[in-house]
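This report covers the secondary structure and packing of the two chains shown below. It starts with the sheet and then turns to the helices.

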Amino acid sequence: MDQPNAIIHQPIRLKIMAALKALPEHEMLEFVRLKTIVGATEGNLGAHITTLEEAGYVRVEKDFAGKRPRTRVMLTKDGRRAFDDYVADLRAILDGGVP
Amino acid sequence: MPMTPAEAANALRDIDQTEQHSSTLHGYEKASPFLILWGVMWALGYSGTFFFPPYTNLIWLVIAAVGTIGSMMLGKRAKPAGEQKFSWKFFFSWLAAIAAIASVLTIFFPFSGMQIGSLFPLMIGWAYVVLGIWMGARLAITGLFIVVLTLIGFFYLPAYFMLWMALVGGGGLLVGGLWLRSA
């Protein structure tokens with residue numbers, strides 16, 4: 001393998017996955033907060049979330065909090081597993097092994 | 001092109017930093033409604049004690065009951081959908097905390113209103129400092145402010161202590177909660 005999971009490896013998507021992985025299982029993160037953590041523009045973040053959603057790694061939910069529209073994102077089981085595998089691959093590279 | 005160990009190390013460092021940041025903000029998000037609720041409760045309790053001293057016990061009984069029920073509702077709301085059931089562990093933890101303070105008070109009896117009015121903010125302030133050491137600086141700073149302002153009120157403003165605590169204790173928690181939410 002040339003490099004670990006190419007979908008996750010992109011820097012913005014890596015941060016999105018890491019930010020979501022830090023939450024307890026089934027917890028969702030608001031898009032606005034994710035934007036602060038990742039430090040991406042709204043459009044850029046939205047595009048990367050779509051890529052992760054199409055890969056089945058994240059789930060996006062749109063609803064209203066009172067009258068305010070809200071977009072929330074959470075890691076799926078597949079996403080959690082893929083991210084764990086990705087981190088394991090990084091550690092293997094660091095330890096001199098082949099991912 | 002294969003990934004080098006240096007690139008892998010950079011990616012792991014990015015992951016670690018992002019996870020820490022996310023975890024801190026998540027903690028703030030969960031803690032802030034509790035601080036805001038208790039900020040309002042303290043402001044009402046201490047100002048009630050200042051303006052209507054004969055009703056002090058009744059005021060704090062109501063404040064404790066409303067605050068406890070409110071905290072339980074907030075705790076339930078903070079859980080993800082589908083896991084929002086009544087938490088007996090939370091309920092008994094709360095009871096244990098009240099029992100702990102009550103049992104400590106029994107050995108210090110008799111105490112003044114100012115002493116008991118300082119004890120809770122001091123203990124809670126320090127608890128926030130300890131929590132903040134683990135969860136994030138803003139919580140620790142909020143706790144430290146409450147401790148310092150309580151001591152200032154206790155030693156330098158005894159005549160207006162209850163009013164001072166309503167403003168800086170209740171207000172401090174309220175502002176702290178809003179500060180956490182804005183992070």
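In chain A of this predicted model, three strands form an open antiparallel sheet in the order β1-β3-β2. Strands here are DSSP E runs of at least two residues, helices are H or I runs of at least four, and both are numbered from the N terminus. Two strands count as paired if DSSP finds at least two bridges between them. In general, strands of a sheet pair through backbone hydrogen bonds, either parallel or antiparallel. The edge strands of chain A are β1 and β2, each of which pairs on one side only. The two pairings are set out here.

| Strand pair | Residues | Sense | Bridges |
|---|---|---|---|
| β1(A) and β3(A) | β1(A) 29-30; β3(A) 68-75 | antiparallel | two bridges |
| β2(A) and β3(A) | β2(A) 58-65 | antiparallel | eight bridges |

Within the sheet, E30(A) has R72(A) of β3(A) as its bridge partner, and D63(A) stands opposite R70(A) in β3(A). The hairpin of β2(A) and β3(A) has two residues between the strands, and G66(A) takes a positive phi near 70° there. Helix α2 of chain A (residues 11-21) lies across β1, β2 and β3 of chain A and runs at about 90° to β3(A).

Chain B has six helices and zero strands, giving the order α-α-α-α-α-α from the N terminus on. Its C-alpha atoms fill a box of roughly 80 × 40 × 30 Å along the principal axes. Of the 183 residues in chain B, 28% are buried, that is, have 20 or more other C-beta atoms within 10 Å of their own, with C-beta atoms placed from the backbone. Residues are in contact if these C-beta atoms lie within 7 Å. Among contacts in chain B between residues at least 6 apart in sequence, 66% join residues at least 24 apart.

Helix α1(B) (residues 5-51) and helix α2(B) (residues 56-77) have axes that come within 10 Å and cross at roughly 170°. The two helices are therefore roughly antiparallel, a term for angles over 145 degrees. Axes are lines fitted to C-alpha atoms, for helices over the stretch in contact, and angles run from 0 to 180 degrees between N-to-C directions. The contact has eleven nonpolar, seven polar and no charged residues. Residues of α1(B) including F34(B), W38(B) and G45(B) meet residues of α2(B), among them I59(B), W60(B) and G67(B). Gly counts as polar in this classing.

Residues are numbered from 1 along each chain as its sequence is written, and chains are lettered from A and ligands numbered from 1 in the order in which they are written. Local features need pLDDT of at least 70 and side-chain atom pairs count only at pLDDT 80 or more, while totals for chains, interfaces and linings use all residues.

Terms used. Buried ≥ 20, exposed ≤ 12 C-beta atoms within 10 Å, placed from the backbone. Contact = placed C-beta atoms within 7 Å. Parallel < 35°, antiparallel > 145°, perpendicular 65-115°, else oblique.
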